[in-house]
Each structure stands twice: as C-alpha cells, then as structure tokens.
Amino acid sequence: MKAIKNIQNMRRTKLIMASVLAFSTINSFGWYNKNANSEAPGGNSGGPVIAAGCSPATAIIRLNFNNVDARVENGGTMFQDRATGTADYVVPKASGSTAIYSSGLWLGGQDVNGQLKLAASTFRANGDNYWPGPLNTSTAEIDAATCTQWDKFFPMGVNMVKKFVAWYDCKN
C-alpha cells in the first residue's frame with residue numbers, strides 16, 4: 001500500500017514539475033498573452049499583457065528582523081538590488097555578508113476545474129507577473145489607477161496582530 005502511495009506521489013510531482021516547465025516555456029515566449037500584438041507593461045514585448053496597462057510595481061521595503069537586513073520589492077522580486085545586480089540579503093546585519101543572491105515569489109494552485117495556475121516572478125526577465133492592488137471581484141481585472149494607489153507596503157507588528165486577535169475573539 002505504501003509503495004502505491006509513493007508511486008502516486010511521484011506521478012503527481014512529475015505532473016506538477018511538467019506543468020511548471022510548460023508555464024515557464026509559455027511565459028518565455030509570451031504564448032498566453034491576451035493581446036500578442038501589443039507591448040507588455042515595462043517595455044517587454046512578447047511578455048504577459050495583463051493588468052490593464054499597469055506600470056510595474058516600484059515599492060521597495062527593507063526587512064530588518066532576526067539579525068537579517070533584506071530587500072523586498074512589491075513586484076515579487078526579493079533579496080536583490082536589480083539596479084546594481086548585487087545580492088541584498090545581509091546576515092548578520094551590517095556584516096556585508098549575503099546568504100541569498102536573489103529570490104522570486106511563486107504562487108500556484110488549482111482552479112475549480114482542477115487546472116494548475118501559477119504566477120511566478122522570473123526576476124522580471126520576461127515582463128512582470130505581479131502588480132499591486134486588489135482585483136475587481138466581478139471581472140477579475142485591475143486598472144492602472146488602482147495599481148498606482150496600492151504600490152506600497154503595509155508593515156505590521158506583533159501588537160497589531162494581538163489587537164486583531166483580541167478583536168476577533170471579542171466578536172465571536
């Protein structure tokens with residue numbers, strides 16, 4: 001029985017890896033564009049043409065905790081100063097030593113029809129896959145003004161979480 005589950009898990013893993021590879025290929029060639037004849041936001045023709053003409057996210061924040069100093073961008077790229085091409089995940093703080101060169105946010109899941117959906121930050125090599133702001137709940141679209149309004153970070157701390165938990169507990 002355990003051997004059958006292992007085989008099923010291996011098949012599932014192979015399917016997911018094949019899907020990721022297929023998505024990467026599609027992303028590289030821009031085959032899933034809504035409008036393949038137009039230029040993607042950020043000047044990358046052939047890249048994804050989505051987000052209603054939003055400009056790429058520009059907000060950057062520094063994470064400073066647990067003796068780590070790291071750069072995070074609102075567009076899904078992390079731990080790299082793309083302007084200089086240098087690593088920007090410093091540990092211990094102020095040491096000049098970097099533990100990670102770069103990272104990108106990947107989110108995946110299945111839709112209601114069982115189709116794999118994936119959004120992956122490829123370090124903006126082929127356009128952007130993340131834009132700031134909420135999607136319209138009925139059209140699943142976003143406009144440029146909303147993207148600009150939400151191109152920022154919303155830092156929070158332990159006290160804010162404690163207040164929310166207290167409010168939630170009180171409400172229930």
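## Cysteines and Asn66

Cys147 is buried, at 2% relative accessibility. The model is predicted. One disulfide is present in the structure. It joins Cys54 to Cys147.

**The disulfide**
- The sulfur atoms of Cys54 and Cys147 lie 2.1 Å apart, S to S.
- This distance is within the 2.5 Å cut-off, so the pair counts as a disulfide.
- The link of Cys54 and Cys147 is right-handed, with 75° about the S-S bond.

**Cysteine exposure**
- Cys54 has 1% relative accessibility, which is under 20%, so Cys54 counts as buried.
- Cys147, at 2%, is also under 20% and therefore counts as buried.
- Cys170 has a relative accessible area of 68%, which is over 50%, so Cys170 is exposed.

**Asn66**
- Asn66 is placed in the loop between strand 1 and strand 2 (68-73).
- Asn66 counts as exposed because its relative accessibility of 68% is over 50%.
- Asn66 and Pro92 are 8.6 Å apart in space, C-alpha to C-alpha.
- In sequence, Asn66 and Pro92 are 26 residues apart.

Terms used: Residues numbered from 1 in each chain as written. Predicted model: local features only at pLDDT ≥ 70, side-chain atom pairs only at ≥ 80, totals over all residues. Heavy atoms only, no water. Buried < 20%, exposed > 50% of the residue type's maximum accessible area, 1.4 Å probe, protein only. Helix = DSSP H or I, 4+ residues; strand = E, 2+ residues; numbered from the N terminus.
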